[in-house]
Amino acid sequence: MINFIGTARRDTEALLYFHYSKGRLNFCKFVTSKDGLEFNGESKYVITLNNRQREERNYDWKSLRITKQDDRYLATYKTKTSGLKIAFSKDLVRFEVGNSIKSIKETACIVPDYTHKGDYQMYFGEKNIKLAYSKDLQSWTAGKEVLLVSRKDHFDDGDLEVGNAFTFDEYILLTYYSKKRNANGQKYSVGACLFDKNDPSTLLWRSDEPIWEQEEELNKEKLQPLGTLILHNKAMLYWQVGEGSVYAVSCPIPGLNYKLKDKTYSTIVKKHHKNPIISPRSSTTWDSRAAFNSAAIYEDGKVHFLY
C-alpha cells in the first residue's frame, strides 16, 4: 500500500513524497509535476542517512514540512518512535537526519530563507501555534508565547496545526489547519496569517474566511494534510484521501492585499446560500446519481449551463 508523506517545491516543479513496503523492506520515493496537479514526471528513490551515515529503513514519516535555507533544504517530520526530527538535503533526494528535537513534540515548519537576530525561526503546534528559534538548526528553544489560538464562532474554532511557511518582502505567510470533530469524524479548514519579518512573533493579519474548507463529499473520507506549495503564482493545497488517493486544490495566494485600507480579507468566490443549484434528479436515469462541475455561458440575460 502506498502512503503519501508530503510535498516540496524544487524550482518550478512540485514533488510528492510517498513510501511503500515490498516484503519486509520499506522504500521512499517522490514523483514530480510541472503544474502541481498531474504527477507523471520524474520519479526517484529517496535515500536517508542517520548520524552514523547508515541508511534508514523505516519511513513512517508524518507531518512532513520541507523548506529551503540558502543552498539546502530543511525537512521537519514526526515518527512513531522519535518525535520531531530534522533532516538536511542538497537535492531533495539524499537526506541526512539530525538529532531529534527534544523540546518540541508537535508538527513544525522552519521559516525558509530567513533568520531573525541571527536565529533560525520555526512555527510549531497542533492545538495552538507558537514559535521556536535556533542558532544551529539542531538545538531549538521553544517560545512560551502563544501566537495563534482557535477563534470561537469562526471557521478556525478547532485545534490548530501548523501548515507551511513562506517569506515575502515584508512578511512571513503561514498556513494552518483547523480540525473540528463532527458526526462523520474530523473536518478540516485551512487558514492563513501574516507575521512581521522584523519580529516573527508579531501577527499582522489573519484570514476571516478559510482559504479552503472540507467539502461535503469529503466528509466521509479519511483526510490527511500533505502540505501547501506556492507554484506558478498560486497556492496549492494537497491532501491524502482514504488509503492511497491524493486530492489537490489551488487558490489565490492569501494575504497579498492585507495592506488595503480596511485591512480585511474576503475570498474571491463565496458559496451561494441556496447551493446546490443543480442536483441529481431521481425522476430520470441519466442524471440521477451525480451532477458534476458545469460550464457556464452568459448570453441574452441568462446563464446557460452545460453539466
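Contact here means heavy atoms within 4.5 Å. The model is predicted, so local features need pLDDT of at least 70 and side-chain atom pairs pLDDT 80 or more, while totals for chains, interfaces and linings use all residues. Residues are numbered from 1 along each chain as its sequence is written, and side-chain values use heavy atoms, without hydrogens and water.

Gln 121 sits in strand S11, residues 120-124. Strands (E, at least two residues) are DSSP runs, numbered from the N terminus. Is Gln 121 buried or exposed? Its relative accessibility is 4%, so Gln 121 counts as buried. Buried means under 20% relative accessible area, exposed over 50%, and partly exposed in between (1.4 Å probe, protein chains only).

## Asp 119 and Lys 135

The side chain of Gln 121 has a polar atom 3.3 Å from the backbone oxygen of Asp 119. Asp 119 also uses its side chain: a polar contact of 3.0 Å joins it to the side chain of Lys 135. A polar contact is a pair of N or O atoms within 3.5 Å; within protein, one must be able to donate a hydrogen and the other to accept it, and residues adjacent in sequence count only if both atoms are side-chain atoms.

Lys 135 lies in the loop between strand S12 (130-134) and strand S13 (141-142). Lys 135 is exposed, with a relative accessible area of 61%. Leaving out residues up to four places away in sequence, Lys 135 touches Lys 117, Gly 118, Asp 119 and Tyr 120. Gly 83 is 52 residues from Lys 135 in sequence, and their C-alpha atoms are 21 Å apart.

S1 pairs with strand S2 (residues 13-22) in the antiparallel sense, over 7 bridges. Two strands pair if DSSP finds at least two bridges between them.

Which residue stands opposite Glu 13 in S2? It is Arg 10. The hairpin has 2 residues between the strands. There, Asp 11 takes a positive phi near 55 degrees.

Technical notes: Helix = DSSP H or I, 4+ residues; strand = E, 2+ residues; numbered from the N terminus.
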